[in-house]
Amino acid sequence: LATQEKVQGVMVDFTHPDGVYDNTRSAIAYGVRPVVGTTGLSAAQLQDLAEFAEKASTGCLVIPNFSIGMVLLQQAALQASRYFDHLEIIELHHNQKADAPSGTALKTAELLAELGKTFNPAQVSEKETIPGARGGLTAENIRIHSVRLPGLIAHQEVIFGSPGEIYTLRHDTSDRSCYMPGVLLSIRKVTQLQSLVYGLEKIL
């Protein structure tokens, strides 16, 4: 008798931050492999999902951004951060985006933090006359500024500064079709995994 290859279900989630954790956990519980593009998961939720996927031996991909161009920007930022101590991140999205800052900006800051260096050493004692004017401050001491406007899709800048020069990395999305190669790659790869993987760069 001919044997048939077992078909493994894959769930692709582009929903809402309020429901993505429950959606992902339920998929893992039923043996369905999640590919999650919805941002807004907390660090605690990611840790819980990672432990749950590990116990279930079920592959799960959490991808803050499916764009190959964004992966390249983040890798370029890693190289630049070896030579610059001061940087800030600006992310710009459409005004229907529910979470801020974006998962992509948070992921960028996390990647930079893996170098183990301290960014943005204080130069003066700052005072915000309007709360939040300097943006959100991550644990890595990196400022993230979020812009939400109609007409935008998804954009990010990482701006490095040092005496006498500015180095800017920018990625712009003009059409959501740019995400599809990353989505298709993730669907193919998640069936080969037995645990949670966070970030597109881990499967390229």
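The side chains of K107 and E201 meet in a salt bridge, with N and O 3.2 Å apart; a salt bridge is defined as a side-chain nitrogen of Lys or Arg within 4 Å of a carboxyl oxygen of Asp or Glu. This pair links distant parts of the chain, K107 belonging to helix α4 and E201 to the segment after β9, 94 residues apart. Helices (H or I, at least four residues) and strands (E, at least two) are DSSP runs numbered from the N terminus. Both K107 and E201 are buried, where buried denotes under 20% relative accessible area, exposed over 50%, and partly exposed the range in between (1.4 Å probe, protein chains only). The relative accessible area of E201 is 18%, and E201 is therefore classed as buried. Apart from neighbours within four places in sequence, E201 is in contact with V71, Q74, Q75, K107 and L111, contact meaning heavy atoms within 4.5 Å.

The model is predicted: local features require pLDDT of at least 70 and side-chain atom pairs count only at pLDDT 80 or more, whereas totals for chains, interfaces and linings use all residues. Residues are numbered from 1 along each chain as its sequence is written, and side-chain values use heavy atoms, with hydrogens and water left out.

The protein chain contains five helices and nine strands, arranged along the sequence as β-α-β-α-β-α-β-α-β-β-β-β-α-β. Its C-alpha atoms fill a box of roughly 75 × 35 × 30 Å along the principal axes. Of the 204 residues, 42% count as buried. Among contacts in the chain with a separation of 6 or more, 71% are accounted for by residues 24 or more positions apart.

Helix α4 (residues 103–113) is mostly covered, with eight of its eleven residues buried. These buried residues are G103, T104, A105, K107, T108, A109, L111 and L112. They pack against α3 (68–80), β4, β6 (143–148), β7 (154–162) and β9 (196–198). The loop between β4 and α4 holds P101, and a cis peptide bond joins A100 and P101, with omega about 0°.

Strand β4 (residues 86–93) contains I89, which counts as buried because its relative accessibility is 0%. Leaving aside neighbours within four places in sequence, the contacts of I89 include A105, T108 and A109, together with I142, R143, I144, H145, Q156, E157 and V158. I89 and P131 are separated by 42 residues in sequence and by 18 Å in space, C-alpha to C-alpha.

The structure holds ten salt bridges. In one of them, E88 pairs with R134, the closest N and O atoms being 2.8 Å apart. This pair likewise links distant parts of the chain, E88 lying in strand β4 and R134 in the loop between α4 and β5, 46 residues apart. E88 is partly exposed at 22% relative accessible area, and R134 is partly exposed at 25% relative accessibility. A further salt bridge joins the side chains of R170 and E157 at 2.4 Å, N to O. R170 is located in strand β8 (residues 165–173) and E157 in strand β7, 13 residues apart. R170 counts as partly exposed at 40% relative accessibility, whereas E157 counts as buried at 16%. Salt bridges that share partners also join E88, E126, R134 and R143 into one network.

Two asparagines adopt positive phi values. N120, in the loop between α4 and β5 (136–137), has a phi of about 55° although it is not a glycine, and at 17% relative accessibility N120 counts as buried. N141, in the loop between β5 and β6, has a phi of about 65° and is likewise not a glycine; N141 is partly exposed, with a relative accessible area of 26%.

A nonpolar surface patch of about 460 Å² is made by V10, V12, F14, M180, L184 and I187. Patches consist of residues with over 30% relative accessible area and no salt bridge, like charges being joined within 9 Å and nonpolar side chains (Val, Leu, Ile, Met, Phe, Trp, Tyr) within 5 Å. Helix α5 contributes the largest share of the nonpolar patch, three residues, while F14 is found in the loop between β1 and α1 (17–29).

Methods. Accessible areas come from the Shrake-Rupley method with a 1.4 Å probe; for residues, only the protein chains shown count as cover.
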